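Work through the exercises below with the model open beside you. Try each task before reading its solution.

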Amino acid sequence: MSTTIKVKKKPLGLRLKKDFSNFGGAYLMGIPVLVFYVLFHYKPLFGALIAFKDYKPRRGIWGSPWVGFKHFQSFFDSFYFGRLIGNTLTISLAGLLFAFPIAIIFALLINEIQNNKFKRSVQTISYMPHFISTVVICSMIRLFVDSNGFIVAILEAVGFNIGQSLLNLPNAFVPIYVLSDIWQQTGWNCIIYLAALGGIDPELYEAARIDGANRWKQTLHVTLPGILETVVLLLILRVGSLMGVGHEKIILLYNDYTMETADVISSYVYRRGLINGDYSFSAAVGLFNSAINFALVVIANKISNKVTGSGIF
Amino acid sequence: MKKLMSLVLAILVLALPVASFAVEYPVNSDKTITIWKLLDGSIAEGGYTTSMDTPGFKAWTEAAGIKVELQEFNDNDALRLAISAASTLPDVIQADKNLFTGGIMTMVADDLVIEITPEMLEANAPDYWAFVNNDTYMKEIVQLDGNMYGLAGHVFEPGSVFRYWRGFFYRGDLLAKVGKEVPTTAEEFYDVLVAFKNAGIKTPLVFQGSGDLAESMKNGDVTSPFGLVNAAEYHIDGVFHYGAYEAEYKEVLRFWKKLFTEGLISVDYMSMEGSVAQASICNGDAGAFYGNNSRLNTFKGALKEGEFFVPGPGLKTADGQNAMFSFADPMVSSSDFAFITPDCENPELVLNLYNFLFTEQGKLIRDFGVEGESYVIGDDGIPAYTELVTNNPNGYSLDGTARSWALINWPGIHGDYQLAARHPEKTQVAAYELWGSSQADTYRIVPGNTILEEYADEYATLWTDISLYINESRAKFINGELDLDADWDNYIQTLNKMGMERVYEMKQATVDAYNAAAGK
């Protein structure tokens, strides 16, 4: 016979008080983060209202007239709507397909390095490009892929007939964008995986070795499952920004030749919304993107829960 | 006796405005004026990061006796965002009159600016008012509702060639080497570039920046031989045209395609770093350059002995007339209008401040800076920059020091008298004169880049897509991806589909409204 003893939970206030006395430091450290999110992520949510208004700065959000879905309609009616969505998704998916796994592979490789000094040097050198500003990075890219640049020289040396800047070629834009991203961000992106790798219990490796697992088998059966949750978490978050290719690097690299593959939603919004001061239009497109991104996160999370058993909610 | 009385009275009436409406400087006000404006990045070349610290700014505000608090923004986006988010506006927004789509009237509708009446100007900015109160300037300052909003920024003296600061330069020594003169027609232009190429010059023609082939077409430097005024907005007898939609544009594109195909312009012109283009014109990899006059200040240090530049005009029409168009600022430049906001408590003081730049004392500070330091007055009574500006001991550029010690980037009058001082190279003065010989004022739409407020939204929506399509198509026609004969009709039809005819209607209505307001 089993008896279930129901433990009455203490009131929330009491529990919080106890928790706070135990982990006061952690709570304190969390306050700036909380303030940041409230101020910069929750408070502005109200401002998304301007997507449905003809926002005029001096009239304020409430004083500006309601226009319903006018700005959404205007975006959907744009001559380039289909192309913008297509380009945005292409660049995002290419990043997801290539840049995302490379950071994991790179972290695994670094993790295998035994010499600590060498390991640290590789890490430092690899995340240095992350700190170079986008403007400078794009200037460097333009010089590298120029008809006299070293990349074109290498490609020509191995038999390609190019004779011009790679930025003249619409088909080269996505590779340039993604590869330069890999160069700039892989070192930085792998830090979080390295942290996850550091958290794997060494005894698991020991047990695997006793069972006769070689390095490859250890990676497959200990390391990868050990960082799977981190990978899934980052993958879901990445899927949640599929519609959000930033405009800075795009507008610094594209030109009239490559518009057909390079012009994305954010660069279009930059030209129309920011340069023309049409904030309501920008807000409408932003809201549209967020709605799609949100849906993607929910779907990705559901799939992940089903397949791997873990998700973010 | 009666006659004498009326004569005395008339003299009194005439003398009255002058006598009663002069502002005494220094004003010595204890109030502080706040101004938001764009940061002029060039002051960094003079060793400063904010205008507040520059000697020119200090000299101005001290001599005017008015305290000023400046906030400078890196670009128009940042300035617009700050204005949009402000609960209290500064006293003055000093900005381009087209900061917001729809121009000044959008600012009026959004309650960002107050009206300035002739009475206010007479009383508080008499020197400014005396200069601009005539047809030449008023048609660009007065808005469609008949009112004035904001003080004009950069105004040009009548007949000044200072407005024409962009065009072609050739390496004179290389022209001599290939036995050619400065080209003035399309054939000569082509021949010179071919001769450069044959002489081993890698890229005969380069552009200042990657967007400048398009700019040169918009400025009409090579369109006149083909019967086209320019590739952008112009009018013929009050009728609006957009060059890239006109039949003659096709032949202009054909000409550029020929230059591109034969390697007379860089294959990378669309993505070339400005610094690469500029290095090539100095090291002899290029023979001709399209860009700003002030670039010569930068280039001259890189030239070897015997190497020199000569300016070239926009190409002539088929019947030998001067180019129909060229780059030129309007008589009242669109930039640096001083808009007094509704939150300003002392509009009179703001008017006093800017008026100072139009007084004799203010003009000297504005153009030359601080006497004895950045300029001296010669025996001939003409002010001239000292070596601090022309040959700065810290290696700062002439442009950078002139913008820091003087106020040449602030509102005021631009006249030919500044040309020699600002441009020690005779070539540069010659360039202004040559470029100023175009017929641009016959075809220019005044005020340009404007749209009636009622069309602002519709125009912005249509034009974002149309301008992109025109830009992409131009690039593809030039590199041969689109065929000028097979794809031209489709190009025009697509523009029609995108609403180009509607753009013409809206623009024509705008031109008509301005002409009606100006009493044309």
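## Exercise 1: Domains of chain B

Task: in this predicted model, state what distance separates the centres of domain 1 and domain 3 of chain B, taken over C-alpha atoms.

Solution. The centres of domain 1 of chain B and domain 3 of chain B are separated by 35 Å, taken over C-alpha atoms. Domain 1 of chain B covers 20-160 + 331-415, domain 2 covers 163-329 and domain 3 covers 453-517. Now look for contacts. Six residues of domain 1 of chain B are in contact with six residues of domain 3 of chain B. On the domain 1 side, three are nonpolar, three are polar and none is charged.

## Exercise 2: A helix and a core

Task: decide whether the residues of α17(B) are buried or exposed.

Solution. Check each residue: Leu398(B), Asp399(B), Gly400(B), Thr401(B), Ala402(B), Arg403(B), Ser404(B) and Trp405(B) are buried. That is eight of the eight residues of α17 (residues 398-405) of chain B, so the helix is largely enclosed by the rest of the structure. Its buried residues pack against α2 (55-64), α13 (295-299), α16 (387-390) and α18 (417-422) of chain B.

Turn to the largest nonpolar core, which has 136 residues. Phe339(B), Val350(B), Leu353(B) and Tyr354(B) touch the most other members. α21(B) gives the most to this core, nine residues.

## Exercise 3: Chain B against chain A

Task: describe the side of chain B that touches chain A.

Solution. Count first: 25 residues of chain B are in contact with 28 residues of chain A. Then assign elements. α3 (76-85) and α21 (456-479) of chain B are those that give two or more residues to this side of chain B. α21(B) supplies the largest share, nine residues. Last, sort by class: nine nonpolar, seven polar and nine charged residues.

Note on methods
Residues are numbered from 1 along each chain as its sequence is written. Chains are lettered from A and ligands numbered from 1 in the order in which they are written. This is a predicted model: local features need pLDDT of at least 70, side-chain atom pairs count only at pLDDT 80 or more; totals for chains, interfaces and linings use all residues. Two residues are in contact if their C-beta atoms, placed from the backbone, lie within 7 Å. Helices (H or I, at least four residues) and strands (E, at least two) are DSSP runs, numbered from the N terminus. Ala, Val, Leu, Ile, Met, Phe, Trp, Tyr, Cys and Pro count as nonpolar, Asp, Glu, Lys and Arg as charged, and the others, Gly among them, as polar. A residue is buried if 20 or more other C-beta atoms lie within 10 Å of its own, exposed if 12 or fewer, and partly exposed in between; C-beta atoms are placed from the backbone. Domain bounds come from an automatic or database domain assignment. A nonpolar core is a set of buried Ala, Val, Leu, Ile, Met, Phe, Trp, Tyr and Cys residues joined through C-beta atoms within 7 Å.
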